2 protein chains.
Amino acid sequence: MSKNLTTRAEDYSKWYNELVVKADLAENSGVRGCMVIKPYGYAIWEKMQAELDRMFKETGHQNAYFPLFVPKSMFEAEEKNAEGFAKECAIVTHYRLKNDEDRPGKLMVDPNAKLEEELIVRPTSEAIIWSTYRGWVQSYRDLPLLINQWANVVRWEMRTRLFLRTAEFLWQEGHTAHATKAEAIEESEKMMNVYADFVENFMAIPVIKGLKTETERFAGAEETYCIEALMQDGKALQAGTSHFLGQNFAKAFDVKFANAEGKQEYVWGTSWGVSTRLMGALVMTHSDDQGLVLPPNLAPIQVVIVPIYKSDEQLDTISNEVDVLVKSLRKLNISVKFDNRTTQKPGFKFAEWELKGVPVRIAVGPKDLENGTYEVARRDTLVKEVVSKDGIETYISNLLEQIQKDLFEKALNYRNTHITEVNSFDEFKAVLETEGGFVSAHWDGTAATEEKIKELTKATIRCIPLDRVEQAGSCVFTGDPSVGRVLFAKAY
Amino acid sequence: MSKNLTTRAEDYSKWYNELVVKADLAENSGVRGCMVIKPYGYAIWEKMQAELDRMFKETGHQNAYFPLFVPKSMFEAEEKNAEGFAKECAIVTHYRLKNDEDRPGKLMVDPNAKLEEELIVRPTSEAIIWSTYRGWVQSYRDLPLLINQWANVVRWEMRTRLFLRTAEFLWQEGHTAHATKAEAIEESEKMMNVYADFVENFMAIPVIKGLKTETERFAGAEETYCIEALMQDGKALQAGTSHFLGQNFAKAFDVKFANAEGKQEYVWGTSWGVSTRLMGALVMTHSDDQGLVLPPNLAPIQVVIVPIYKSDEQLDTISNEVDVLVKSLRKLNISVKFDNRTTQKPGFKFAEWELKGVPVRIAVGPKDLENGTYEVARRDTLVKEVVSKDGIETYISNLLEQIQKDLFEKALNYRNTHITEVNSFDEFKAVLETEGGFVSAHWDGTAATEEKIKELTKATIRCIPLDRVEQAGSCVFTGDPSVGRVLFAKAY
């Protein structure tokens, strides 16, 4: 297995693109900007889905499904939201093809099959969902509505990259409706916390919780909570957002309820989502020049066993032993693959499973049989150890837990050493041009300054951290008063 | 809870439409022909998905995800397939909206954002998937490809009905590629059998396995295997199809492999799918004039417990006892709901859970506390029984299994008594006009006769049963020779 992987130091962006394809996660399709998620990549996404779905249900949410299309008049009802997405919409205008008489065997759009009203392929589902909620809410007894949808959405991005930015992507979108403002805010914060919990403890990616500035806020939201991660190249990545929508969509779609006193009020809303973009974050946080590094919680194969043998008899003896090991590991809910292909040599197999990020590799050869040992290799550190057969199951089980923790600690350490406080714009630029990462700086709170800084440095305000200290200071760019530091970074 | 459900005898079609909405399964959306699947309906679909997904994986398949859009030139590559779906396609022609200067606050399609090539919203994914497989298959070692996708698809149907026929629907579509014809045929048959197993044993719906005639075959297939169910109104419903595609898509998309001798050959294909249509079959097979009847294997709530009380003290005492019961049922993996709402009376609750098809209802009143009993009611038969507390868990567990079996037996009995052999066209018409069901008749094997019969009676050939006896006869319509009976029916 020839990897030929560009190294991160050579070209980080190229390394990422190659790795996603070579590790069989995804590839570009014949449709502009749309990707094919390959079985190995999809198996990781399924594990993410299963855990998130469990967490959503545990917090009282139910799944439902709403239409893919949004009629234009419905789409434009919430003006800010419509404006935010209008420039990147796929629009269905016709509903039939017919034979093209000039080109035998070819088809053309039938001009007689034009829709009366154009349909927008959902870029997000607030419009269609709030237009539905109108029929579901009459009284305070109907609230809260706590609903999630697993779906595909389309945003016609001009520059796309596998997982990070694709025209079509998969995501979940929660849409909730509440009787009070306080409850809706509590929900937005709760779901931000669910996301942070998932991304940190399941994906081993540390995140900073914060609020978006008005400029970076979701179109149609009153407040956007976010979790921001840091990639190995010093660029930030927004890993999830949770929006407090105020009564904006309730007003746009006339969703009212009778409160306990019988008075009509507008409903308060939230929405929140994470997407296949997280797959990009996963790759860019942990992987190395040998290939993927997967946290055990997300690895479709957690342990691969490779036999080392010179004769069929040796393979038979090894196989008998391995069968027992496989069974006992599976009993511990560890997913194991015995790679007994006779068409490939051990070195090829080692490289392949390294590329695919299998957390633990066990090699078994004739010597191991003699000595009652296995050779156990960690993917994350590439460290090998010879381990006794006795108690190997517990050893492996503990090792997987340890790897999960170590990956998080390593990423956390990287992240923490890449938050730099700066007090001048020169410093600000210098940090961005060298190590990158988050730049913690005072900001005067205006969109104009934010925009200028972005023009000059390509850095945006990733978030106003929820745990920031309120502290008087001077804006790093204008010198105007600031009430506390915010985090800037270049971002995916 | 006022049900006001039209009865099946009054108007079967109206009964179905009302039931789907009133039982909170689905509703029509603000988008023509598209439905909203509500949380209760979606919870049933999730159970179906989970079981099918398990069965697909057990038979060696992996999930993946392919783009929503198919460029027109790719779509038209397999001519028969394209022709079959061209008349009902949603077509994306533009990628941007802009402000409509004549109507402030409104949007219009930006004429400057016309796509160079139109995109078809997938009605099925053979084209996009086979265009991808071209890159995945070089040698016989790359085969078979055994891939499934859970996705939404769009077919611009003019007359739509919730679940049964909607412009957008959810489904899974398996797409496999094989080195030999025999292996591909084996796969098509295997997946038909997986579907039959699922629909019969999980949904309690008996099916007949068969082959479609050329007229009814999937566009682009060499052979379509199907499973056909019978609804309570005597109309058939196609519950799943599995297609042997021959080399049609491999040729259209140039998917070749080097065989063991190094010779280039075209790959052999299959595709197979079931959809949210099965939700319609579920409703129409088992439900009655009181509402839904759900097989325990699919019921989101298998047991509901309703307290009967006159004072808060009584409710407290009952609640304490019920808490213990709930826990012990959950230990047996039974999903239980304790309906302790104080805002509704028991009669209202009984009617609501009947409408929603919960298989078993337990009522607990003060007398039960005294006597050490529960009142247990079956949703399917509406029979109530007073049951001792001792061993109630085992009783309920067995009862759920019994209900699952009884529902299947009842449906099987109905189906079996609604297959009528006829030997003249008068008999044929008489059966269709009275009890309906499957009409088993000789047919001369021509599309022309099939078409004539359809024109005259609206009945189509549902399938050529796989287990039919080869037997000489005369076509019920033309009198021409026939080699065996086929099953006709009016169908959904």
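The questions and answers below concern the interface, the symmetry, the strands and some local features.

This is a predicted model, in which local features need pLDDT of at least 70, side-chain atom pairs count only at pLDDT 80 or more, and totals for chains, interfaces and linings use all residues. Residues are numbered from 1 along each chain as its sequence is written, chains are lettered from A and ligands numbered from 1 in the order in which they are written, and side-chain values use heavy atoms, with hydrogens and water left out.

User: What area is buried between chain B and chain A?
Analyst: The size of an interface is often given as the accessible area lost when the parts come together. Here buried area is the accessible area (1.4 Å probe) that two parts lose on being put together, summed over both. Carbon and sulfur atoms give 67% of the total, which is about 5200 Å².

User: What rotation superposes chain B on chain A?
Analyst: Copies are superposed by least squares on the C-alpha atoms of residues with pLDDT of at least 70 in both. The RMSD is 0.0 Å, with 0.0 Å of shift along the axis, and the rotation is 180°. That is the relation of a two-fold axis.

User: Why do the copies meet through the same surface?
Analyst: The copies do so because the interface residues of chain B are also interface residues in chain A, and the share is 100%.

User: Which residue of chain B comes closest to the rotation axis?
Analyst: The C-alpha distance from the axis is 2.1 Å. The residue is V92(B).

User: What is the bridge partner of H94(A) in strand 5 of chain B?
Analyst: Strands (E, at least two residues) and helices (H or I, at least four) are DSSP runs, numbered from the N terminus, and two strands pair if DSSP finds at least two bridges between them. Strand 5 (residues 91-94) of chain A and strand 5 (residues 91-94) of chain B run antiparallel and are joined by three bridges. The partner of H94(A) is I91(B).

User: Which are the edge strands of the open sheet in chain B?
Analyst: The sheet has 11 strands in the order 3-9-10-16-13-12-11-24-27-23-22, with mixed pairing. Strand 3 is joined to strand 9 (residues 145-154) of chain B by two bridges, and the two run parallel. The edge strands of chain B each pair on one side only: strand 3 (62-63) and strand 22 (419-421).

User: Where does P144(A) lie?
Analyst: The peptide bond from L143(A) to P144(A) is cis, with omega near -5°. P144(A) lies in chain A, in the loop between helix 5 (126-136) and strand 9 (145-154).

User: What is the phi of N333(A)?
Analyst: N333(A) is placed in the loop between helix 9 (312-331) and strand 18 (336-338) of chain A. Although N333(A) is not a glycine, its phi is positive, at about 65°.

Methods. Contact = heavy atoms within 4.5 Å.
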